[in-house]
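Hi everyone, thanks for making time for this. I'd like to walk you through one structure, from the fold to the packing. Let me put it on the screen.

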Amino acid sequence: MLGFLVGEALRDLRRAGRVAVSAVVLITLSLAALGGFWLVSSNLDRAVAKWRDRVRIVVYLKREPSAGDVAALLERVRVMPGVAGVVFIGKADALRALKQVLGKDAGVVDQLPANPLPASLEVTPSAVAATPEGARELLARLAALPEADEVAGSADWVERLAHWQRLLGTIGFGVGAVLAVAAILTVTTATTLILHARRHETEIMRLVGASELTIRLPVLLQGMMQGLAGAVLALAALVVTHSVVAPRLEPLVNLTLGISQLVFFTPVGVAALLGAGALLGGLGGWLARASREP
Amino acid sequence: MIELHRVSKVYSVGPVKVPALRDVSFRIGKGEFVVLTGASGAGKTTLLRLLYRDDLPSEGDVEVLGYGLVAMRRSEVAPLRRSIGVVFQDAKLLPVRTVYENVAFVLRVLGTPRRDITARAFDALRMVGLSARAQAYPAQLSQGEAQRAALARAIVRRPPLLLADEPTGNLDEAMAAEIVDVLKDIGAGGTTIVLATHQARLAAGLRRRTLTLEGGRVVKDEG
């Protein structure tokens with residue numbers, strides 16, 4: 001029976017001819033657009049997550065506390081809401097770090113009469129505090145410490161990156177949705193033609209007592225086949241584009257965003273794209289059927 | 001097998017009511033060959049459509065093969081139709097399929113195991129004398145051959161009831177006689193047959209029970 005249903009669906013596809021080809025092309029375009037934006041968005045998402053982990057807030061202290069006071073100060077900061085971790089950097093540590101940064105010019109530091117660098121606390125915000133709002137609240141709490149002289153750092157630029165990532169995702173969804181609607185309408189048109197072409201078959205099927213499922217399924221299947229064909233083509237286009245573009249872009253994104261590799265879809269993502277194609281096509285087939293059969 | 005009790009059918013064309021059947025009652029037993037005759041518009045096609053539940057009566061009861069068709073749920077229509085073969089004046093063959101494919105199509109639609117389809121389709125084609133034309137397309141058939149192919153399609157499921165609506169209407173006398181012979185053979189196998197025809201000579205020549213319709217009423221039941 002399955003062979004019969006699939007055979008009828010393939011026969012219907014051949015009948016639809018160019019309209020079916022148009023539907024497949026539109027589904028390919030819509031899923032390629034949707035998938036392309038999804039890929040860019042998911043790679044940006046990785047960059048955002050990575051940079052959120054790297055957000056640090058530095059609390060410069062008025063004076064270097066004694067070894068005994070450091071432990072108490074660290075404990076007070078550690079229990080603050082929004083703090084994931086805290087490290088004490090003494091004046092000597094800060095100077096060593098500066099020398100490392102200066103490299104061969106480190107000798108300049110030795111000319112100084114005294115160490116000018118303040119002791120500080122390097123605070124790692126938790127996920128909730130790695131947002132502009134959360135970071136602002138944490139900054140206020142840290143600034144209120146009696147030992148604090150100045151507080152530096154924010155999560156603003158990470159948020160700007162996240163904003164772009166969300167914007168790209170929304171644009172991708174919008175473009176994909178418009179093309180998807182066009183694809184559904186084209187499948188509906190193709191299916192309407194098919195329904196007209198197969199009206200004699202349908203009449204005979206009803207006359208001999210075929211079940212409604214047997215009558216309806218080939219039409220639904222041909223729609224899903226159009227959708228699946230479009231999804232496979234879109235996936236192939238994305239694979240080719242990714243394999244050509246990713247090696248050329250990776251050095252640049254590594255430098256700017258700090259991600260070494262532009263990833264492709266996971267198996268779940270691939271399955272979702274194929275499923276979306278089948279769903280678009282099936283929906284077009286179902287709409288044509290529903291509009292002709294009250 | 002078939003029982004109609006005070007059946008009427010009225011079609012509404014806008015505000016105008018057109019009666020197609022009026023107070024029709026009769027009974028047809030298992031294995032009977034009944035000819036339904038009358039002029040065009042007498043109600044023959046309407047009556048047959050009620051029998052395979054393509055339409056419902058405005059009044060009265062229709063019982064076919066043990067099914068009460070008036071109270072029947074939509075989901076029960078398909079099982080009823082699996083037990084009824086129907087042939088029309090125009091053969092209604094699928095033009096893009098061969099004669100064999102047209103006959104086999106019915107079996108495939110109903111989920112008959114693949115290994116049985118070929119044998120059963122050729123049995124039906126042999127019965128109507130068309131096995132040599134199995135690979136021909138409908139456009140390559142004469143009208144008589146097309147009608148025999150339609151008959152093969154109707155009997156391939158070996159239904160206990162065969163309804164034939166003017167199957168000889170488009171045929172010359174010789175071809176009509178061929179179809180009638182095939183119908184007689186099918187009837188001889190125990191199938192109940194209801195043949196609707198406006199051709200009075202053909203009806204008389206059959207020498208079977210004949211119901212004559214006039215203006216939607218059964219005016220004669222003889223033979």
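Let's begin with chain A, which has 10 helices and four strands. Keep in mind as we go that this is a predicted model. If you trace chain A along its sequence, the order of elements reads α-α-β-α-β-α-α-β-α-β-α-α-α-α. The chain has 294 residues, and 32% of them count as buried.

Now to the packing. A bit of background first: in soluble globular proteins, nonpolar side chains tend to be buried together. Here, the largest nonpolar core is made up of 70 residues. Leu36(B), Val103(B), Leu125(B), Ala152(B), Leu163(B) and Val194(B) have the most contacts inside it. The element that gives the most to this core is helix α3 of chain B, residues 99–109, with eight residues. Apart from that core lies another one, of 38 residues, and Leu39(A), Ala183(A), Met224(A) and Ala278(A) are among them.

Let me zoom in on Ala152(B). What is Ala152(B) in contact with, leaving aside neighbours within four places in sequence? The list is Val103(B), Ala124(B), Leu125(B), Met127(B), Val128(B) and Leu130(B).

Two of those names come back in helix α4 of chain B, whose buried residues are Ala121(B), Ala124(B) and Leu125(B). Why do they belong to the same side of α4(B)? Because they cover an arc of only 95 degrees around the axis. The buried residues of α4(B) pack against α3 and α5 of chain B, the latter being 143–155.

After α4(B) comes Gly129(B), with a positive phi near 70 degrees.

Last stop, the interface. There, 12 residues of chain A are in contact with 13 residues of chain B. On the chain A side, helix α8, residues 199–207, gives the most, with five residues. That side divides into seven nonpolar residues, four polar and one charged.

That's my tour, and I'm happy to take questions!

Note on methods: Residues are numbered from 1 along each chain as its sequence is written. Chains are lettered from A and ligands numbered from 1 in the order in which they are written. This is a predicted model: local features need pLDDT of at least 70, side-chain atom pairs count only at pLDDT 80 or more; totals for chains, interfaces and linings use all residues. A nonpolar core is a set of buried Ala, Val, Leu, Ile, Met, Phe, Trp, Tyr and Cys residues joined through C-beta atoms within 7 Å. A residue is buried if 20 or more other C-beta atoms lie within 10 Å of its own, exposed if 12 or fewer, and partly exposed in between; C-beta atoms are placed from the backbone. Helices (H or I, at least four residues) and strands (E, at least two) are DSSP runs, numbered from the N terminus. Two residues are in contact if their C-beta atoms, placed from the backbone, lie within 7 Å. The arc is that of the directions from the helix axis to the C-beta atoms. Ala, Val, Leu, Ile, Met, Phe, Trp, Tyr, Cys and Pro count as nonpolar, Asp, Glu, Lys and Arg as charged, and the others, Gly among them, as polar.
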